[in-house]
Amino acid sequence: MTVLQPHTVRPAASRAAVTERPGRIALCDFDVGDVAAGAVLMRVSLSGVCGTDKHTFRGESKQYAGTPNERDIHYPLICGHENVGSVLETGGDVYATDGTLLRPGDRIVPGADVVCGSCFFCKNGYPYYFCARLDDYGNSLHCERSPYLLGGWAEYMFILPGTPIFRVPDDLPDEVAVFAEVMAVTHGLEIAQNILGMFGGNRSGGSVAVLGTGPLGVSHIAKAAMLGASTLIATDLFPQRLRFAEEFGVTRTFDASETTMEERVALTREATDGLGPEIVVDCSGIPSTFVEALRMVRMGGVVIEVGTFVDMGPVSVNPNIDFCTRNVTVVGIGGETAQSYTPLMRAMAARLDRYPFERIVTHRMPLDHTEQAVVTAQRGESMKVVIDPWAMDDVERPLR
């Protein structure tokens, strides 16, 4: 039995922005079929343009390289895995992660991935993106087979059985809830703090440098601030993004367009009593900055590599200098944890008056401007660009 909101009719069709091939996004119509048992039909409110989507648009499509899930993106597909919306219909009784029954009209954020629940990683408490039979919205789940609408750049989206579904706090606006998936990727900071604590370093406080202050970088800056970092440093090619990062507590910024790697390493050490930051987070999406992070981090520190989700090629490192003699730990992060969504949404809701979360979305564009949205997301004047499938015109709030 399906559960449908009274006086609401399931739409016969849904518009969606389809990435047909690299460099080409077109608006298409899809039939909205029946809701399968355990699934949810969601009316999309907002869907973010992620760095992964930019790679997909550019044809840089090798994902999960070196794992059993290694694959190339299958075109055409409906991108969009950073989503917030409302339940329109459920296929029988479907429950949110808090154990409560979902009802039509409930505001939700669906997890970005669908897992099998039965492999070694699913059964042993690993982050859910470790699943050996992983599927993910807007990536592996393409639109050439039913139920088609498996990405958020659409009016409606199907959420498959087995997907974790999170309730949005009442006091958290959609413009901030759409950022929940990105914030949930920041769990590497807790891992780093635990590693430092094992060797006498700071479990809270301490110094953190973030390389790249796009949406992923800003999310790590905000999380580090909430975890009590005493010194926050940021680098980026775009001065507007660096100024915005300062509103989250960054105390030193370095313009990567006007400095060399060697200069940034020296300046960062100068800002941390000559030692270097305890944690360096590489969010740039450019492989070469991984080398910079290794050079920059303090002896005994932790480097978090989170920006190179697709295979962009190798870089040259020296195992002796970069790792061994300096006792540097590298933590690779390939996605978010399902356990992070709800606590982080609550934390953001509680700090709306302290941090400018509501200004992270700088561009809000309708479906028929999706290709422009992806192009805009690659420019320095933007932070988070989102697709609003119900909007008629672009809304732009440039970074100051």
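These are my notebook entries on a predicted model of a protein chain.

**Ground rules**

I number residues from 1 along each chain as its sequence is written.

**Entry 1: the whole chain**

I looked up the secondary structure and found 12 helices and 21 strands in the protein chain. Helices (H or I, at least four residues) and strands (E, at least two) are DSSP runs, numbered from the N terminus. The radius of gyration is 21 Å, close to the 21 Å from the globule rule for 400 residues, so the chain is as compact as a globular protein of that length. That radius is taken over C-alpha atoms, and the globule rule is 2.2 Å times the number of residues to the power 0.38. Along its principal axes, the C-alpha trace spans about 65 × 45 × 40 Å.

I then looked up burial. Buried means under 20% relative accessible area, exposed means over 50%, and partly exposed is in between (1.4 Å probe, protein chains only). Of the 400 residues, 56% are buried. For contacts (heavy atoms within 4.5 Å), I took those with a separation of 6 or more, and residues 24 or more positions apart account for 70% of them.

**Entry 2: helix 1**

How many residues of helix 1 are buried? I found 6 of the 8 residues in helix 1 (residues 51–58) to be buried, so this helix is largely enclosed by the rest of the structure. The buried ones are Thr52, Asp53, Lys54, His55, Thr56 and Phe57. They pack against strand 3 (24–31), strand 4 (40–48), strand 5 (62–63) and helix 12 (370–376). After helix 1 comes Gly59, with a positive phi near 85°.

**Entry 3: Gln63**

I next looked up Gln63, which is in strand 5. Is Gln63 buried or exposed? Gln63 counts as buried, at 0% relative accessibility. Its side chain makes a polar contact of 2.9 Å with the side chain of Asn139. A polar contact is a pair of N or O atoms within 3.5 Å; within protein, one must be able to donate a hydrogen and the other to accept it, and residues adjacent in sequence count only if both atoms are side-chain atoms. Leaving out residues up to four places away in sequence, Gln63 touches several residues, including Thr52 and Thr56.

**Entry 4: His220**

His220 sits in helix 6 (residues 215–226). I noted its relative accessible area as 1%, so His220 is buried. A polar atom of its side chain lies 2.9 Å from the backbone oxygen of Leu216. As a reminder, an α-helix has 3.6 residues a turn, so residues three or four places apart point the same way. Beyond four places in sequence, His220 touches Val185, Thr186, Leu189, Val210, Val281, Cys283 and Val306.

**Entry 5: helix 9**

In helix 9 (residues 288–296), 7 of the 9 residues are buried, so I recorded this helix as largely enclosed by the rest of the structure. Among the buried ones are Phe290, Glu292 and Met296. Their cover includes helix 8 (261–270), helix 10 (319–324) and strand 16 (279–282).

**Entry 6: loops and backbone angles**

Which peptide bonds did I find to be cis? One joins Tyr75 and Pro76, with omega about 0°, and Pro76 is in the loop between strand 6 (71–72) and strand 7 (83–91). Another runs from Ser146 to Pro147, with omega near 10°.

Pro147 lies in the loop between strand 10 (135–136) and strand 11, and Tyr148 is also found in the loop between strand 10 and strand 11. Tyr148 is not a glycine, yet its phi is positive, about 70°. At 31% relative accessibility, Tyr148 counts as partly exposed.

Pro147 is also one of the residues that Leu160 touches. Leu160 is in the loop between strand 11 (156–159) and strand 12 (165–167) and is partly exposed, at 21%. Its C-alpha is 6.7 Å from that of Val40, although 120 residues separate them along the chain.

At 74% relative accessibility, Asp273 counts as exposed.

Definitions and conventions
This is a predicted model: local features need pLDDT of at least 70, side-chain atom pairs count only at pLDDT 80 or more; totals for chains, interfaces and linings use all residues. Side-chain values use heavy atoms; hydrogens and water are left out.
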